[in-house]
Every structure is written in C-alpha cells, then in structure tokens.
Amino acid sequence: MTDIFGIPSQVLLGQIVLGLINGSFYAMLSLGLAVIFGLLNIINFAHGAQYMTGAFVAWMLLNYLGINYWAALVIAPLTVGMFGMLVERFLIARLAHLDHLYGLLLTFGVALIVQGLFRNTYGSSGMAYDIPEALKGGTNLGFMFLPNYRAWVIVASISVCLLTWFVIEKTRLGSYLRAATENPALTQTFGINVPLLITLTYGFGAALAALAGVFAAPIYSVNPNMGADLIIVVFAVVVIGGMGSIMGAIITGFMLGLVEGLTKVFYPEASATVIFIIMVLVLLVKPAGIFGRPA
Amino acid sequence: MAIDETASANAVETERPLKVRGLQAWYGESHVLHGVDLDVARGEVVTLLGRNGAGKTTILKSIMGVMAKRKGSVLVNGYETIGLPSRLIARIGIGYVPEERGIYASLTVDENLMLPPRLKAGGLSREQVLDLFPNIRERLTSQGTKLSGGEQQMLAIGRILRTGADLLLLDEPTEGLAPVIIEQIGRIITRLKQQGFTIVLVEQNFHFAATVADRHYVIEQGKVIDMISNTHVEANIPKLQAYLGV
C-alpha cells in the first residue's frame with residue numbers, strides 16, 4: 001500500500017472521488033443560481049427546494065407509477081422547470097420593478113411552502129431510492145474501488161455543466177441571453193422577447209436543480225430538508241466563485257468539492273467549515289469573487 | 001365614397017414611415033416632452049437639432065418605446081405604437097442606435113452583428129454589411145467593446161441594417177469621433193438614403209447634419225420650435241446659431 005503525505009492512497013483517492021461527487025452537486029446548483037442571477041438579478045432562494053422536489057418527483061414516479069430512473073432524469077426536470085416558469089410568470093415577474101430584495105424574499109417564501117408541503121406529507125425521516133440496475137456495483141481501478149453510480153454522477157454532471165456553458169457562450173440563443181443579461185432594455189429594441197427569455201431561464205435553472213436532485217436521490221436519502229441543508233453551502237460556493245461567470249461557477253463548484261474532500265483526509269474537524277472559511281478569505285481579498293467582475 | 005377615402009388615407013399613412021402627434025414623456029415624475037409633432041416621409045433623412053437636454057434623445061427613446069411613461073400618438077408605417085413594448089415596435093420595422101451605441105461587452109463583434117433577429121424581408125446580408133464597413137471584418141472575433149469608438153458606431157449601425165428595418169433612428173452617430181470617421185459615417189448615411197432607408201438623426205453637429213439631411217427639426221424644452229428645409233439652411237444660419245447657442 002502506497003502512502004501519499006503519510007495518508008494511504010486509497011483513503012486519499014476515495015475522498016477525492018467523494019469530493020468530486022459533492023463538487024458535482026455544488027457545480028450544477030451554483031451554475032443554475034448564476035444563470036438565474038445574471039438575467040433576473042435575484043438570488044433564487046427556492047433553488048434548494050427545486051433540487052429537493054426533483055428528487056421527490058423521481059421517488060414518486062418510481063413508487064406510484066413505476067417509472068424508472070432514466071425516464072425520471074427527463075420527467076423530473078421538465079416538471080420542476082414548468083413549475084418554475086409558472087412561479088416566474090405569475091409571482092416573480094410582478095416584483096421585477098421593485099428592489100431585488102423582494103424577489104429574494106418571495107423565492108424564500110416559496111421554498112418554505114414547498115418544503116412544508118413535503119414535510120407534511122412524507123415526514124422528515126427520508127426515503128430510500130434504489131440505484132438503477134445498470135449502475136449497480138463498481139469497478140476496481142487497481143488503486144481503489146469506484147462505485148459505478150458515483151462515476152456516472154460525476155461524468156453526467158460535468159457533461160451537463162459543459163453543455164450549459166456551450167449553449168450560453170457559443171450559440172445564438174446564448175448570445176440573446178448574454179445580451180439580455182447585459183442590457184435588457186436595448187435587447188428588446190431589436191425585437192427580442194426578453195420577458196420570455198427570463199421565464200425560460202428561470203425554468204431552466206429550476207430544471208437544472210431538479211436534475212441534480214434526481215442524481216442525488218440514490219446517494220442521499222430523499223427528504224424534505226435535503227435542499228435546505230445543501231443550499232447554504234452552494235450559496236457560499238457562489239460567493240466564492242463570483243456571480244458573473246458561468247465557467248467560474250462550474251470550476252468553483254468542483255474545486256470546493258475537492259477541497260472539502262481533502263480537508264476530510266488531512267483535518268476532518270474542519271471539513272464542514274472549510275468552504276465558509278474560504279468564503280471569508282475571498283470576500284476579504286476579492287469581494288466580487290474569484291471569477292466575478294467588480295460591479 | 002367614404003370607404004375609398006379611408007383606404008387611400010391608409011395608403012398615405014403606410015407611405016409615411018413616421019408620424020408623431022402630441023408626444024409627451026416622463027422620466028419618473030419629471031415631464032420632459034411636452035407635445036412633439038413630427039412627420040417623416042419615406043426615403044427622407046431628417047435631423048433633430050437642439051441644445052443639450054432639449055429632449056432629442058428622449059424623442060428617439062419615446063418613439064422606440066424605451067421610455068416607460070409616454071402619451072400621444074406615434075404612427076410607424078401606419079401602426080399606432082404608443083401602447084406597445086419596444087420589442088413589438090421593433091417588429092414593425094424600426095432599427096435603433098442609442099447614444100451610447102450599445103455594443104455588448106459579453107458578445108464578440110460577430111455576435112453583436114448577428115444579434116438582432118431578421119424582422120422582415122429586405123435587410124442587408126451579413127456580407128453586404130461587412131462590405132459597407134470593411135474595418136469590422138478584420139475584428140469579428142474580438143470582444144465587442146474592444147473596438148474603437150468609430151468602429152463601435154459602425155457596428156451599431158451595421159447590425160440594424162441586417163434586420164430589414166427601413167426606418168433607422170440614429171442618436172448622435174458622430175459624437176466623440178475623429179473628423180475622418182465622421183466623413184465616413186456621412187458617406188454611409190448618404191448611401192443608405194440612396195438605398196431607400198428613412199433616417200431620423202439626432203445631432204449636435206449642425207455642419208454634419210447639413211451635409212446629410214433633407215430637413216431639420218429644432219427641439220427646445222421638449223417641443224419642436226422650428227422646422228428648416230436643408231435647401232434654406234444657408235439663409236437660416238444666424239437663426240440656427242441662435243437656437244443652438246453656438
């Protein structure tokens with residue numbers, strides 16, 4: 001058995017994989033937050049609830065309708081995305097002319113209501129969701145045993161994040177989004193339907209959170225608090241990365257997952273707080289975040 | 001016949017790209033336009049002259065629907081637009097270049113150029129726009145705001161020529177530019193006029209305005225106070241200088 005810095009390599013690599021798993025969720029969630037913040041200028045406090053709802057929709061599809069994981073990967077984000085678009089169209093849009101603080105309070109309220117509804121129906125003890133048959137078991141990489149499902153989550157999240165980055169930075173639709181983010185009033189004078197873009201963007205952000213929720217369902221237990229617990233860390237990730245950059249949100253998400261995993265190896269006592277310590281340091285040195293542009 | 005008269009009246013209105021009556025506008029509580037009347041015929045180049053703060057820019061913003069609060073009547077190609085959001089006004093066929101040019105920093109030059117969707121038939125192709133503004137062709141992959149002021153102005157004009165809009169609103173296209181660039185922009189405006197575009201131009205630079213325009217509206221305190229045809233501009237220079245305070 002080889003040691004790296006006096007730590008058995010299996011332990012180290014195991015925590016790196018665990019860090020990448022957490023990083024996958026941080027990246028997908030902070031990416032959605034960054035996209036929504038860019039166009040709507042609101043911090044979407046409902047993001048954790050949307051992630052949790054994604055996991056619950058997958059659980060309900062399986063247990064009530066017998067619809068499997070692979071279909072849930074499509075259906076759950078679509079369902080939560082549609083719900084998000086309704087929330088944007090009928091609630092958030094009405095506050096668009098007010099201070100953005102009101103949008104934050106509104107989404108916080110929506111999150112509490114949704115969490116309360118699920119807690120009322122399902123309690124808070126959590127329910128199991130089986131790993132799909134095709135991804136059961138693991139692969140022996142020689143230096144460590146890698147569960148197949150975890151490998152899938154890492155690869156799938158990286159793909160989704162890069163695809164999102166590509167659409168926003170390299171396509172025509174993405175150029176509309178970037179233009180509407182930078183100067184919505186002028187973008188409208190070209191005949192581009194900015195209110196529709198805003199609705200679709202919010203729906204997309206919510207769908208991305210729900211997709212992360214489906215990924216999470218077989219790893220963590222499906223419970224009404226799973227989003228609220230995670231979203232606090234994700235907000236710290238977003239603050240560290242800076243709100244302005246899509247790639248920044250992705251990179252920061254994975255990096256902080258890794259940092260958290262490595263802290264578990266070298267100084268486990270700090271593993272729950274290390275992200276917040278980094279946040280404090282980044283705020284002191286570069287308040288706009290590592291990838292953020294100063295306003 | 002009454003019906004025939006209405007029909008022919010409509011035909012006249014569609015021949016007139018822009019007819020503004022009693023246009024009023026507000027910035028928050030402050031009332032800045034106090035009943036503006038304008039008429040622009042197809043193929044005309046018309047300037048809005050006036051001192052700083054006279055309301056020239058606000059008139060363009062009100063026509064385009066960027067001003068949140070406005071009243072009166074703005075007919076574009078015969079359609080009443082006063083209650084419409086700017087994205088629908090654009091679709092009737094207006095292209096707008098704001099005073100600050102509005103080049104997006106988060107888009108490349110090419111993306112800036114290709115951003116405005118085609119609104120109707122008759123727009124220039126990407127190649128035709130690049131032929132008109134050869135400087136831009138070499139900078140297509142640069143960030144939009146890395147261009148010089150003159151190049152940004154050309155990009156801002158070029159991108160609305162693709163859309164098929166036949167009425168162009170240009171807010172101070174010569175502001176802050178070197179004389180040689182101003183000349184180039186003047187030649188382009190003249191060429192666009194020959195191609196049948198209708199152009200409303202806000203200008204501080206009256207000498208430039210006189211080289212490109214058919215008529216000049218003089219704006220003061222949110223109203224039109226005079227209209228001078230370009231053929232009579234020589235005779236009216238003392239009066240214009242008094243209006244503009246130069």
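Two strands count as paired when DSSP finds at least two bridges between them. On that basis, chain B holds an open sheet of six strands with mixed pairing. The model is predicted.

- β6 (94-97) and β10 (223-229) of chain B stand at the edges. Each has a single partner strand, so one side of each lacks a neighbour in the sheet.
- Neighbouring strands of this sheet are turned by 20° against each other on average, direction ignored.
- Helix α7 (residues 149-161) of chain B packs on the sheet. This helix touches β6 and β7 (167-171) of chain B. The direction of α7 makes about 170° with that of β6(B).

**Strand β3 of chain B**
- Strand β3 (residues 45-49) of chain B has five of its five residues buried, so the rest of the structure largely encloses it.
- In a regular strand, side chains alternate between the two faces of the sheet. In β3(B), V45(B), T47(B) and L49(B) point one way. V46(B) and L48(B) point the other way.
- β3(B) and strand β8 (residues 198-203) of chain B run parallel, joined by five bridges. Here T47(B) stands opposite L201(B), and V46(B) stands opposite V200(B).
- β3(B) and strand β9 (residues 215-220) of chain B also run parallel, joined by four bridges. In this pair, L49(B) faces V218(B) as its opposite residue.

**Helices α1 and α8 of chain A**
- The axes of helix α1 (residues 9-40) and helix α8 (residues 194-216) of chain A come within 9 Å. They cross at roughly 170°. Angles over 145 degrees count as roughly antiparallel, and α1(A) is therefore roughly antiparallel to α8(A).
- On the α1(A) side, the contact residues include F25(A), M28(A), L29(A), G32(A), V35(A) and L39(A).
- On the α8(A) side, they include L197(A), T201(A), Y202(A), F204(A), G205(A) and L208(A).
- By class, this contact of α1(A) with α8(A) has 17 nonpolar, three polar and no charged residues.

**Helices α5 and α10 of chain A**
- Helix α5 (residues 148-170) and helix α10 (residues 246-266) of chain A pack at about 165°. Their axes are 9 Å apart.
- α5(A) and α10(A) are therefore roughly antiparallel to each other. α5(A) passes α10(A) in a left-handed crossing.
- From α5(A), the contact is made by C161(A), W165(A), I168(A) and E169(A). From α10(A), it is made by I246(A), M247(A) and I250(A).
- By class, the contact of α5(A) with α10(A) has six nonpolar, no polar and one charged residues.

**Where chain B meets chain A**
- In this interface, 19 residues of chain B are in contact with 15 residues of chain A.
- Helix α3 (residues 86-91) of chain B gives the most to the chain B side, with four residues.
- That side of chain B has 13 nonpolar, three polar and three charged residues.

How values were computed. Residues are numbered from 1 along each chain as its sequence is written. Chains are lettered from A and ligands numbered from 1 in the order in which they are written. This is a predicted model: local features need pLDDT of at least 70, side-chain atom pairs count only at pLDDT 80 or more; totals for chains, interfaces and linings use all residues. Axes are lines fitted to C-alpha atoms, for helices over the stretch in contact, and angles run from 0 to 180 degrees between N-to-C directions. Helices (H or I, at least four residues) and strands (E, at least two) are DSSP runs, numbered from the N terminus. Angles under 35 degrees count as roughly parallel, over 145 as roughly antiparallel, 65 to 115 as roughly perpendicular and the rest as oblique. A crossing is left-handed if the near helix is turned anticlockwise from the far one by less than a right angle, and right-handed if clockwise. Two residues are in contact if their C-beta atoms, placed from the backbone, lie within 7 Å. Ala, Val, Leu, Ile, Met, Phe, Trp, Tyr, Cys and Pro count as nonpolar, Asp, Glu, Lys and Arg as charged, and the others, Gly among them, as polar. A residue is buried if 20 or more other C-beta atoms lie within 10 Å of its own, exposed if 12 or fewer, and partly exposed in between; C-beta atoms are placed from the backbone.
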